[in-house]
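Here is a short note to read alongside the model on your screen. Take the points in order and find each residue as you go.

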Amino acid sequence: MSEKQTKTLTLPSSFDEIQKVESFVRDLQDWIGFSEELYENVKLALSEAVTNAIVHGNQEDKAKKVYITAYREDDLLQISIKDEGDGFDPGTLPDPLKEENLLNVGGRGVFLIEQFSDDATYSENGTKLTMRFSLKK
């Protein structure tokens, strides 16, 4: 097994900070050397996760932080997003594909994260999301 290499980013809970996600993902791409298609998937999933952490997790409280940790181990990129909120149960979210939810303005972030990552799991009472992306693509 290879040695684990880590990159981190800590953001205050402000919408202005979300713009830093794109350059963080570009740095990951430069560091690891993954495809442009994977770059787009990681950028979209991470942007959604950080937005959820800021808005829903930390309730846009600028005193609270969002912690992003990315590491590569062999052919896997793993990214964890941790907020300082109260947490949630992702199993209680309404299905965004049900007809009654199709026109809702929000409610698709978790769905998009699950679609654009190879695996997404919540822990620590829903305050931590870990996304995994295969580098074999």
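1. Let's begin with F34, which lies in the loop that links α1 (20-32) to α2 (36-57). Please keep in mind that this is a predicted model.

2. Is F34 buried or exposed? Its relative accessible area is 8%. Buried means under 20%, so F34 counts as buried.

3. Which residues does F34 touch, once those up to four places away in sequence are set aside? They are V25, L28, Q29, Y39, L77 and L135. Take a look at L77 in that list: L77 and F34 are 43 residues apart along the chain, and 9.8 Å separates their C-alpha atoms.

4. Two packed helices are described by the angle between their axes and the distance between the axes. For α1 and α2, the angle is about 145° and the axes are 9 Å apart. Their crossing is right-handed.

5. Which residues make this contact? From α1 come V21, E22, F24, V25, R26 and Q29, and they meet E36, Y39, V42, K43, L46, S47 and V50 of α2. Sorted by class, the contact between α1 and α2 has seven nonpolar, four charged and two polar residues.

6. The charged end of R26 sits over the ring of Y39, at 3.7 Å from the ring's centre. As for aromatic pairs, a search of the whole structure finds zero.

Terms used:
Residues numbered from 1 in each chain as written. Predicted model: local features only at pLDDT ≥ 70, side-chain atom pairs only at ≥ 80, totals over all residues. Heavy atoms only, no water. Phe/Tyr/Trp six-rings, centres within 6.5 Å; stacked < 30°, edge-to-face > 60°. Lys NZ or Arg CZ within 6 Å of the ring centre and 35° of its normal. Helix = DSSP H or I, 4+ residues; strand = E, 2+ residues; numbered from the N terminus. Buried < 20%, exposed > 50% of the residue type's maximum accessible area, 1.4 Å probe, protein only. Contact = heavy atoms within 4.5 Å. Axes fitted to C-alpha atoms, helices over the stretch in contact; angles between N-to-C directions. Left-handed = near helix turned anticlockwise from the far one by under 90°. Nonpolar A, V, L, I, M, F, W, Y, C, P; charged D, E, K, R; others polar.
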